[in-house]
Amino acid sequence: MQVFSEIGVESLAHFCNAFLIQNPVKDFGKTPSRYKLIKEVGDGTFGSVWRAINKLSGEVVAIKKMKKKYYSWEECVNLREVKSLRRMNHPNIVKLKEVIRENDILYFVFEYMEFNLYQLMKHREKLFSEVEIRNWCFQVFQGLAYMHQRGYFHRDLKPENLLVTKDIIKIADFGLAREISSHPPYTEYVSTRWYRAPEVLLQSYLYTLKVDMWAMGAIMAELFTLHPLFPGTSEADEIYKICGVIGTPTKDSWPDGLNLARTINYQFPPQFAGVHLSVLIPSATEDAINLITSLCSWDPCKRPTAAEALQHPFFQSCFYVPPSLRPGAAVCRTPPSVGVRGTLEQQSARRYSGVLPNAKLTGNLSALKSNASLGTGVQRKLEMVKQHQSTRIEMVVVLRT
Ligand SMILES: Nc1ncnc2c1ncn2[C@@H]1O[C@H](COP(=O)(O)OP(=O)(O)OP(=O)(O)O)[C@@H](O)[C@H]1O
């Protein structure tokens, strides 16, 4: 079995040529031949996700079928999702098992996860226990610490991208992942609005991995209340909502933010004092409130890193078990139960609309708020290499497992 975690595109090209010589091209029809598609479980911006079964091994997997056609495999290996995920091997990061291109259609084969966090929250009336929330967050921060340490940040963390099976939670959807060493400016659309960091909302092109920490603060709060913390209806309303919760930034709390706002001729709403998060999240303990408050700091420098978050008193009762020693159970001393049985299939309903890609935040807030009605759909850009002529081949990238 050949491993492609560290090699470049050229080496991959050589492998694929060799692979094709040894494995004659077959017409597999509309689904990858080794798999039987069972049911659609998700419909994202870039692809639809199916629960499927490996016909030979009986293994249940998730197959993401990309909407765009891929006419050469050079294009495929250059996709961020492939480039970043094939380097990740962590129990809290969803595993990419294979990449298959058949008939110009690109499929990602992932390990299958039962639910996403949004599905677990949306019809729920009873609040999650703090133990459950702590267990999930501890795992996500471990996945993030690993990813950040390996040089990637996710940029689109949201409940839909955190996948749960029993007590285990994993980070998914690396379509927007970025190498930390890649060079700013980062100009393309980044992250779903409700979880989008203020520096990104203010169009900083120099944002860092701290955008993931902001998103985690918002997600943690939502896990406690079952309601989004900053449900902005437009980018301007998003900033307004953030000010309403954590108060208008000052030259002490976020000097760089005031400069950013000046650069784009944006005025923060004056003198919002904000509210103590314990008022908005009454079920959370002081430790939880303290962690969420620091994650949702205006100034990215004041947000903890994932490794620092793991050291927070909120996680005092958790401990790290090396993956090789794990019995396959949760990482907290008191393993919680997810509390939901059966399969909740993904509803295709989108919770967010009204994103204005590259919209300029100009003028005063009331003018900005009127932008809300101008929203169209979510648009993201992927780096694509030049398209090459169509060839009917199958390409399999075998990943480190
Ligand atoms: N490995 C998996 N196991 C089970 N379900 C999954 C898996 N991966 C994705 N899904 C489901 O499919 C949905 C969409 O997947 P994903 O986020 O990867 O697609 P996308 O096109 O990148 O979406 P987005 O619009 O969020 O960017 C997820 O929210 C999840 O419910």
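1. Exposed is over 50% relative accessible area, buried under 20%, partly exposed in between (1.4 Å probe, protein chains only).

2. A word on the source: this is a predicted model, where local features need pLDDT of at least 70, side-chain atom pairs count only at pLDDT 80 or more, and totals for chains, interfaces and linings use all residues. Residues are numbered from 1 along each chain as its sequence is written, and side-chain values use heavy atoms, with hydrogens and water left out.

3. Back to α9 (residues 255-263): G257, L260 and A261 are its buried residues. Seen down the axis, they fall within an arc of 100°, so they line one face of the helix; the arc is that of the directions from the helix axis to the C-beta atoms. They pack against α6 (198-201), contact meaning heavy atoms within 4.5 Å. After α9 comes N265, with a positive phi near 60°.

4. Now the sheet. It's open, with three strands in the order β6-β8-β9 and antiparallel pairing; strands pair if DSSP finds at least two bridges between them. β6 (115-116) and β9 (168-171) are at the edges with a single partner strand each, so one side of each has no neighbour in the sheet. Four bridges join β8 (residues 162-165) to β9, and T165 has I168 in β9 as its bridge partner.

Terms used
Helix = DSSP H or I, 4+ residues; strand = E, 2+ residues; numbered from the N terminus.
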